[in-house]
Amino acid sequence: MPQRRDTLKNSEQELRIFRVRTLLAVLVVATLTSLLVGRLAYLQIVQHEIYTTRSEKNRVRVEPLPPNRGLIYDRNGVLLAENRPTYNLTLVRERVDSLDETLALLVELLELPEEDVEAFNVRSRQRQRPFQPALLMSDLSEEQIARLAVNRHRLPGVEVEAQLLRYYPDSEVMAHTLGYVGRINVEELQSLDAGRYAGTHFIGKTGVERFYEEELHGEAGLRKVETNARGRVLRELGRTDPVPGENITLTIDKSLQTLAYELMDGRRGSIVAIAPATGEILAMVSTPGFDSNQFVTGIDVASYRGLQEDLDLPLFNRSIRGHYPPGSTIKPFLALAGLADGVITPDSTINDPGYYQLPNDSRRYRNWLRWGHGRVDLERSLAVSNNTYYYTLAHDLGIDNLDKRMSGFGFGQRVAYDVQGESSGLMPSREWKRERFNQPWYPGETLSVGIGQGYWQVTPLQLASATATLANRGHWVKPRLALQIGGEPLPQDLPNTLDDIQLENDAWWDRVFSGMEKVLNGSEGTARRTGVGLEYRMGGKSGTAQVFSLGQDQRYNADELEERLRDHALFMAFAPVDDPQIAVSVIVENAGGGSTHAAHLARAMTDAWLLKDEAPDAEDVREVLQEDNAQVEGN
Amino acid sequence: MPWQTLTRPLRRHPVRPPDSGIARRKSIWERIHIDPWLLGLLVILMAGGLLVLYSASGQRIESVIAQAIRFGVALAVMAFLAQLSPTTFLRWAPIAYGAGVVMLLAVEIAGDIGMGAKRWLEIPGVIRFQPSEMMKLAVPLMVAAYLNRCQLPPRLRDIVVCAVIIGLPVVLTAIQPDLGTSLLVASAAVIVVLLAGLSWRLIGFVGALLGACVPILWMNMHNYQRQRVLTFLDPESDPLGSGWNIIQSTTAIGSGGLWGKGWLEGTQSQLEFLPERHTDFIIAVLGEEFGLVGMLILLALYLMIVGRGLWLAASSQDTFGRLFAGSIILTFFIYVFVNVGMVSGILPVVGVPLPLVSYGGTSSVTLLAGFGILMSIHAHRRLLPR
């Protein structure tokens, strides 16, 4: 066991070595610590005076330089959102001697109404990072700037700051789609990257401004300045320039958008137009609009209340959040579902006595034409918008198949790539009903769904997107608003696109298209008056949606009540049939008089896009509508 | 063969009567294997750190709460590790070390690029951490475990093996590039070798060799690393760029004077002058608001922790425990020295946080994990096979 003795000896030696080394370490630690203490004492005792002077006399301050927000253009380079130079009133709370006095003085100098004192108080006391300027007021007038300049010595901590302010030249037309920027609020401040947003007062609140906030904002820069003890800048020591935000080109065509807005002519509703091949949203209008510029500078309480309490809901973006029963506009999709499922063929017919009855049920589900359309095939069912055909079809498909096939067209889900706040609409199903009402699905409800009534609700954007898919013969393209970001085109293949819709026989698409063309040019077509003089092949489908009830808390006078109980007019269309360039959905709330109103607007949109300058303008369409108003027709 | 021998039971301490421990009843601290002195000092330090953090973070209570939660986690890790027997660490050392090297290689190949350097390893949605952080413990653990089975003082052959054990992860960390961490890993491991009794001749030789390597190192440094060194030599040369930090932090400390300007009253710190004032430069806030007195109290706290730690290390019964415990505690001191030295302008700016005071979770967990192992080594003395 020599090993063992070795071990014993070594252990003692090891311990000795360790103790010696540890002692040395203690010496080193002591030396280094005294070095630190010496250095600290030197800084804090010997050189204390020098550093105190340095810290108090000439202060160096880092000021953030906010980046310029990216501009937004339409597809032809027309400016939709720009930055206008304005002067803002800001206040750094930490540099103010008495906040109350300062605020009172400001209100007096600027001759502001009493109410604004409260707003000033709130804004100046809003939680901020220390020494960050709080924005009290935007867009000062020349006179106000002059008054502040004269009284500058009485207002430490108050600055007039030149800043670029967002401005929307066509605010009402673009309001919903473009969205707007507004002051950063407390909740937003919590989640923002403090460095990037140092010095930025505004942030995208809705629409494109919100969705592309990241791209539009840019990177903040810095400048280091020497100031006196009062915080006034004496000289600039250095700077890192901010990187401006990316400019964004939208797919929107401003002239088409404006036309859509004018076509609505003060009525409530929405028009959405999509280029089927690319999914580019050419126009997306929700009416009534509002002046989004009001929100940039901070809308006053009275105006905001006015907008909020307006029965026409101008702030509500109908294009993406409005839920409407699609009515007969979904018949082409149901026909395709029937073809895909083998429930019908293009040549199979039914006999329509004017109603449909479920087996073992006495209830009659009526066609809109009481005495019926007689023998009806696929194309005629679309042209005359026969209900009985689709009751039969829906019953044969069954709700489960129907729900599955319609979801394939994007109903009941968000469809767009970059549309902020899109609603998913509602595609009813057996599971949905059990979850929502804890009730089984009744066969009669399938029939309602078959003619686009019942629980089914779509958004105008969904309807336009589904129409574009149909125009593409089932090829799915995701709708989108951005054409280029910072000069770079968006990728063509966007994520989460639905699967293409396949039919057994490609020629069947043409039969459905033919039926949709007959809506406009057939002798029985529901929109035949709209189809007069068409210079290209256009397919479409009309629809009306009944208004069942009004909100309980809304008060209407008698005339208004009657108006608001009228049916909504819907139309979906695409053109030209052989090479689709545009797909449109139109919804006019409470239009009355069937679907013709919407059909005329849809035609005006396709005319404008395909015929360009030769197309009739909004004024011409208005005349046609007035002539039409005399006659009233069904679906 | 070497790996098997590593896991042999710990070498026994020279026969000595256990100091009256048999008769005495175990105190509660002994039963939960926690050293009350060390724990108390650490808690005081952390509490003081939170106080300074509140001021340094611009009075954001959210930051303080987040940090307190991290401290809680770190203390739990410490308490857990203290329960394990030192044999466990000895057994796991090669595995932890091997895993660490593999992960460093993984970072090199597939690491997430953060802050311009590849440091993070991420399993998306599961975990995201810096393997180099783990190596701060794993490498000295491995070296101590290796030396535990050698005759000490180590012979040349053992030293070469140690150099390889240390060199591999250090080089991998350095090329991430994270020079600061790689130097800390290296120093923790080198301390183990030094404590083991590396001969003075060799120390002198290696020192000379390193000196000769400085130009080569300089050639291979990234621009920002060189800039840091240059700025350290003359901060005024670049008052707006890299010199900014040092000028501002010395101004903050210097203007604090003897008693400081008072909590939350520091003009330099409360203004946005101080860069990274809640992370690496937090001690400048302390210096400005609590003055020299505050600084001395802090340093005294650190020294007491180091003193207690060294005492625990010296009273350890086996080579492995001594070496590792000594390394942990001396590395801790190096952190303090480098951070305070850098903020007060006597060392170049390297990214070393102030232990248990700077804002950040990973380093606190690593530090307290080290203390956990230290407590385990101390507390399990009598449980060793005799």
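Two strands pair if DSSP finds at least two bridges between them; helices (H or I, at least four residues) and strands (E, at least two) are DSSP runs numbered from the N terminus. All views show a predicted model, in which local features need pLDDT of at least 70, side-chain atom pairs count only at pLDDT 80 or more, and totals for chains, interfaces and linings use all residues. Residues are numbered from 1 along each chain as its sequence is written, with chains lettered from A and ligands numbered from 1 in the order in which they are written.

**View 1. Strands β20 and β21 of chain A are joined by seven bridges.** Strand β20 (residues 568-575) runs antiparallel to β21 (residues 582-588). Phe574(A) stands opposite Ala583(A) in β21(A). In the loop between these two strands lies Pro576(A), and the peptide bond from Ala575(A) to Pro576(A) is cis, with omega about -20°.

**View 2. Five strands of chain A form an open sheet.** The order is β12-β11-β21-β20-β19, with antiparallel pairing. Because β12 (280-287) and β19 (539-545) stand at the edges with a single partner strand each, one side of each has no neighbour in the sheet.

**View 3. Asp265(A) and Asn590(A) have positive phi.** Asp265(A), in the loop between α10 (254-264) and β11 (269-275) of chain A, has phi of about 50° although it is not a glycine. Asn590(A) also has phi near 50° and is found in the loop between β21 and α22 (596-611) of chain A. A residue is buried if 20 or more other C-beta atoms, placed from the backbone, lie within 10 Å of its own, exposed if 12 or fewer, and partly exposed in between. Asp265(A) has 15 such neighbours and so counts as partly exposed, as does Asn590(A) with 17.

**View 4. Ala273(A) belongs to the largest nonpolar core, of 124 residues.** Such a core is a set of buried Ala, Val, Leu, Ile, Met, Phe, Trp, Tyr and Cys residues joined through C-beta atoms within 7 Å. Ile271(A), Ala273(A), Val584(A) and Ala598(A) touch the most other members. Helix α16 (residues 387-407) of chain A gives the most to this core, with nine residues.
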